[in-house]
Amino acid sequence: MKNLLSVLRSDEVAADLIQVIETVINASKEIAFRVRQGALAGVLGSTQDENIQGETQKQLDVISNQLLKDLLLACAPVAALASEEEDSVVAANPEGQYLVAFDPLDGSSNIDINGQIGTIFSIYRALDSVPHNSELQFNQQGTQQVCAGYVLYGPSTLLAITTGKGTRCFTLDSTQGTFLLTADNIQITKDTQEFAINMSNSRFWNDDMHCYIGDLILGETGPRQKRYNMRWNAAMVGDVHRVLTRGGIFLYPSDKRNAKQPAKLRLLYEANPMALLIENAGGKAFSEQQRILAIQPKQLHERVAVILGSANEVDECLGYLQAHPTAY
Ligand code: F6P
């Protein structure tokens, strides 16, 4: 089986970018070890703090963020970092050529229940026109990502990654500490009968989203004329991994819970990297209004609605939304 390094080299990925990717991967192996040890490592439970998003930080969120930060700050090609757990940009090497954005531990409500969690990352080229420590460095469209991926800490530790030439999955061989290629050139099925959405938010959705999900639930008795199943992992990494593996549609739509914050998922280190992985596997990834990768970011921790997965099903969903575009 091919290992990650040999695949990146055969794809002719630049040596300094490989160095950045390997640094993220080394941090994720450390995180995987702590996740596996769980209560034995004394890393479960919450801290007393909240992050800038107002979410209570778990101990493993903080530890994972620190591991990634420490290793990436010591990696010469890295110019700056952005993390879900950091208020603002973290400056690294002024001579560095790359920017790394990450969610150190996605799905943290699953930590204490031994559920799926993961690290999501996204790499861009640093802009010459902007100081290396400026937030403006990260105001790049998702199409500019040179690499995107996640490490899923589940029954096995998996890496899904794209550097432009398709989306691949590697499995961590913990006897060797090496990620080995286990799924090459992933292709998401165009059609699906499986959807993922947090149904408890349904009363806050707009009418079109109600109508779309309502028609899925009607199954073979409704206009879609086929039966749908529902899955919800409460960790985007787990849901997106299922979509990559067997198709499906994942939705976190905008809603009316909080007028100041109509969407939940973050563009920079959740929606964009997942959108690149999904598109490079033949799927589609949209906010309600446009292709996620085409969104021009305005702020570091900006949030967007996310609708991604099997191409034909995403199109069906967008058809419902475009029929009656909403104001939010
Ligand atoms: O904050 C990100 C996240 O944990 C995602 O991984 C997940 O899809 C979502 O939030 C879960 O949200 P909810 O609390 O609505 O289930």
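Which residues in H2 meet which residues in H3? The close-ups below start with that pair. The model is predicted: local features need pLDDT of at least 70, side-chain atom pairs count only at pLDDT 80 or more, and totals for chains, interfaces and linings use all residues. Residues are numbered from 1 along each chain as its sequence is written, and side-chain values use heavy atoms, with hydrogens and water left out.

**View 1. Helices H2 and H3 cross.** H2 covers residues 15–37 and H3 covers residues 59–73. Helices (H or I, at least four residues) and strands (E, at least two) are DSSP runs, numbered from the N terminus. The two axes come within 9 Å and cross at roughly 150 degrees. H2 is therefore roughly antiparallel to H3. Axes are lines fitted to C-alpha atoms, for helices over the stretch in contact, and angles run from 0 to 180 degrees between N-to-C directions. Angles under 35 degrees count as roughly parallel, over 145 as roughly antiparallel, 65 to 115 as roughly perpendicular and the rest as oblique. From H2 come Val20, Thr23, Val24, Asn26, Ala27, Glu30, Ile31, Arg34 and Val35. They meet Leu60, Ile63, Ser64, Leu67, Leu68, Leu71 and Leu72 of H3. Contact means heavy atoms within 4.5 Å.

**View 2. Helices H5 and H6 pack together.** H5 (residues 236–246) packs with H6 at an angle of about 10 degrees. Their axes are 11 Å apart. That makes H5 roughly parallel to H6. Met236, Val237, Val240, Val243 and Leu244 of H5 meet Glu270, Met274, Leu277 and Ile278 of H6.

**View 3. Helix H6 is mostly covered.** Of its 13 residues, 12 are buried. Buried means under 20% relative accessible area, exposed over 50%, partly exposed in between (1.4 Å probe, protein chains only). Among the buried residues are Leu267, Tyr269, Asn272 and Pro273. H6 (residues 267–279) spans only 15 Å between its end C-alpha atoms. A straight helix of 13 residues would span 18 Å at 1.5 Å a residue. The expected span is 1.5 Å times one less than the number of residues.

**View 4. Thr162 sits in strand S8.** This strand covers residues 157–162. Thr162 has a relative accessible area of 1%, so Thr162 is buried. The side chain of Thr162 reaches the backbone oxygen of Gly166 at 2.8 Å. Thr162 and Leu276 are 114 residues apart in sequence, yet 7.5 Å apart in space, C-alpha to C-alpha. Leaving aside neighbours within four places in sequence, Thr162 is in contact with residues including Val146, Cys147, Leu276 and Leu277.

**View 5. Arg168 contacts two aspartates.** Arg168 lies in strand S9 (residues 168–173). Arg168 counts as buried because its relative accessibility is 14%. Its side chain makes a polar contact with the side chain of Asp11 (2.7 Å). The side chain of Arg168 also makes a polar contact with that of Asp184 (2.7 Å). A polar contact is a pair of N or O atoms within 3.5 Å; within protein, one must be able to donate a hydrogen and the other to accept it, and residues adjacent in sequence count only if both atoms are side-chain atoms.

**View 6. Ser287 lies in a loop.** The loop runs between strand S15 (284–286) and strand S16 (303–304). Ser287 has 7% relative accessibility, so Ser287 counts as buried. Leaving aside neighbours within four places in sequence, Ser287 is in contact with Ile292, Ile295, Ala305, Ile307 and Leu318.
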